[in-house]
Amino acid sequence: MDDGLQQRVEQIAASIPITDIHTHLYSPAFGASRPGDPGGDPLLLWGIDELLAYHYFVDEVFRVLPARSEPGSLGPAQFWAMPVADRADLVWQKLFVERPPVSEACVGVVDVLTALGLEPDEPDLTRYRSWFAARDIDAHIDEVMRLAGVTKLVMTNEPFTDLERSRWLENPRVADDPRFAPVVRVDPIVERWPEACRKLAAWGYGVADDLSGDTIGEVRRFLDEWIERARPEYLACSLSPGYRHEPDSDDPALHDFARLFDECLVATAREHGLMLALMIGANRGIHPEMQIAGDGLGKTDINQLVSIARTHPDVTFLVTLLSREDQHELCVTARKFANILPFGCWWYLNTTSQIREITRMRLELLGTAFIPQHSDARVLEQLIYKWRQSRRLIGECLAERYIEAERAGLSVSDAAIEADLDRLLRGNYAARISAGVH
Ligand SMILES: [Zn+2]
């Protein structure tokens, strides 16, 4: 490895302002959690208790608790009945005090505490709790964004969630914070149509379960109204790994899925000049007792994505797949379809080894025409460790490509390196959202 080039790339990477294109963070106007006070239905989560009670640690802590057959065991139902602070205490004791933190998520919390100027090895959470309780949330968001090197956070706004819907309806200016950009999440329409249909009907839309009458037009009216209300940068749709895009199918369920997908979601994206983000591969609730920590993953059939990209050449699909095994097929498919823009190392792939492997492969197959990472942060401070790590790894992988280019006879200037990193960390996304007519 050429250390000089490596260092230059890392230094330049540290100066590029990042756009985080997919998070579950919200501006404070949506309601922020208050350290030490569990009430209030907050949408923006932050602080030590939320960090440690996050679902990443729920499955990890169950791996080290006594087995269900042993004395002192704790079942998922008992765990979930505990207050957030007690869950955080248990996670700290088991995963940080009784053994050195090793996993990706554990080391991440250590990095967060250190970056915030705290000692990362306190015997309990008392000091952290009082430190967070003294923070002003607005100033704290600025500080976290500065430490993460992020200048814009893209939210995931969910109009089918009653709590979030009420926040938008109560306050039309709820999303006015310039640090946060809205996105409208639409997957209930295709993934859970009967439930979405019941909600739409209750809200006054003339929809029918079997798509009869003007159902398609009414779903489009709902989407148009939310685009008007939220002014999203794109539409987002999470799909289970076994989804099928078969418009010509004789199976009514498949036929309806394709109609809702093509004639509602894609048609709306097209009309408003928006990208449609597809996040494919979460297998929801494989262990239902674990609740939000009970989701697994599955491989998907890339031919379904080919069918979507081929049917709709005039709409750009931001695509991330959850299964490691699907990553190479996604790169090859994106080479064929310029309207597929791969993004991020999602969820279980957002780890050191997987970011390295996937970013290397994408650079080799796609050059710099993709979006290497998003944080998916659901607790504010997660931004710090996720971006410090990803920025470093992306720089490392890019430097490897420049070393290959230099070996082949080309020298790469700092200006060219800066332009590449700007594309990867901000520009490829910015170019596509400004390409829309919206
Ligand atoms: Zn997400």
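In what order do the 3 strands of the open sheet stand? The legends below begin with this point and refer to a predicted model.

View 1. The 3 strands run in the order β1-β2-β3, and their pairing is parallel. The edges are taken by β1 (18–20) and β3 (180–181), each of which has a single partner strand, so one side of each lacks a neighbour in the sheet.

**View 2. The pairing of β2 with β3.** Strand β2 covers residues 150–154 and pairs with β3 in the parallel sense over 2 bridges. Val 154 is found opposite Ala 181, a residue of β3.

**View 3. Helices α15 and α16.** Helix α15 spans residues 327–336 and helix α16 spans residues 352–366; their axes come within 10 Å and cross at roughly 25 degrees. Angles under 35 degrees count as roughly parallel, and α15 and α16 are therefore roughly parallel to each other. Their crossing is right-handed.

**View 4. Residues in the contact of α15 with α16.** From α15 come Gln 327, His 328, Cys 331, Val 332, Ala 334 and Arg 335, which meet Ile 358, Met 361, Arg 362, Leu 365 and Leu 366 of α16. Sorted by class, this contact has 7 nonpolar, 2 polar and 2 charged residues.

View 5. Helix α17 has 26 residues, 382–407. From its first C-alpha to its last, α17 reaches 38 Å, close to the 38 Å expected at 1.5 Å a residue.

Methods: Residues numbered from 1 in each chain as written. Predicted model: local features only at pLDDT ≥ 70, side-chain atom pairs only at ≥ 80, totals over all residues. Axes fitted to C-alpha atoms, helices over the stretch in contact; angles between N-to-C directions. Helix = DSSP H or I, 4+ residues; strand = E, 2+ residues; numbered from the N terminus. Parallel < 35°, antiparallel > 145°, perpendicular 65-115°, else oblique. Left-handed = near helix turned anticlockwise from the far one by under 90°. Contact = placed C-beta atoms within 7 Å. Nonpolar A, V, L, I, M, F, W, Y, C, P; charged D, E, K, R; others polar. Expected span 1.5 Å × (residues − 1). Pairing = 2+ DSSP bridges.
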